[in-house]
Amino acid sequence: MTPALPTVTDETVTAWALAAAAGDDEAVDRLVRALQRDVRRYVAYLADDAQAADDLTQDTFLRALTALPRFEGRSSARVWLLSIARRAVVDSLRRAACRPRTACTDDWQAAAERAQPTGLPGFDEGVALWELVDSLPGERREAFVLTQLLGLPYAEAAEVSRCPVGTVRSRVSRARTALAACVADETAPVQPLKGAAA
């Protein structure tokens with residue numbers, strides 16, 4: 001087990017970083033030795049993966065040594081290095097999210113098909129739903145599309161529609177009721193009621 005290194009002050013590591021930026025190889029070695037433990041603990045915590053901590057620590061120091069000539073001491077070297085470590089972890093998580101996942105199976109195609117969501121409406125159902133929405137009275141359709149499909153808050157939808165928020169809520173509620181009744185009954189598209197309020 002490696003003996004614990006004594007804690008070095010921020011002023012000292014910052015002075016080493018500035019000397020390293022000027023080309024002092026011994027200062028580079030001191031800087032890395034002083035902050036290696038802090039960086040490793042930090043990346044292990046952020047990544048929540050002790051196995052990846054060594055790789056992330058190495059990546060952090062590679063980035064830091066590349067950027068060292070531009071270090072000007074505006075913040076302490078410890079803070080500067082931990083901010084680089086944070087970016088290294090974020091980049092690692094992004095790469096992992098984009099990478100295809102491995103599965104212990106011989107039939108990958110069947111596994112991929114089983115992983116697909118089920119019960120979603122198909123193309124025909126989507127066309128039918130759009131026809132139902134189109135059959136709503138104009139003001140109800142506008143309120144429904146703005147809030148339920150485009151995701152506008154009711155207050156913004158009221159500004160767009162130039163009416164009170166309560167009116168938008170009422171129109172959306174009536175549109176939902178009409179659509180739900182039509183889907184449940186599997187009837188023809190909703191017909192606007194004569195004399196009905198918007």
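The protein has nine helices and zero strands, helices (H or I, at least four residues) and strands (E, at least two) being DSSP runs numbered from the N terminus. Read from the N terminus, the order of elements is α-α-α-α-α-α-α-α-α. This is a predicted model, in which local features need pLDDT of at least 70, side-chain atom pairs count only at pLDDT 80 or more, and totals for chains, interfaces and linings use all residues. Residues are numbered from 1 along each chain as its sequence is written, and side-chain values use heavy atoms, with hydrogens and water left out.

The protein exposes about 13900 Å², 54% of it supplied by carbon and sulfur atoms; accessible areas come from the Shrake-Rupley method. Among contacts (heavy atoms within 4.5 Å) with a separation of 6 or more, 58% involve residues 24 or more positions apart.

Helix α4 (residues 77-98) contains S83. S83 counts as partly exposed because its relative accessible area is 30%. The C-alpha atom of S83 is separated by 9.8 Å from that of V39, 44 residues apart along the chain.

On the surface, W130, L149 and L150 form a nonpolar patch with about 340 Å² of accessible area together. Patch residues have over 30% relative accessible area and no salt bridge; like charges are joined within 9 Å, nonpolar side chains (Val, Leu, Ile, Met, Phe, Trp, Tyr) within 5 Å. A salt bridge is a side-chain nitrogen of Lys or Arg within 4 Å of a carboxyl oxygen of Asp or Glu. L150 sits in the loop between α7 (138-149) and α8 (154-161), and L150 counts as exposed because its relative accessibility is 59%.

Definitions and conventions: Areas by Shrake-Rupley, 256 points an atom, 1.4 Å probe, with all protein chains shown as cover. Buried < 20%, exposed > 50% of the residue type's maximum accessible area, 1.4 Å probe, protein only.
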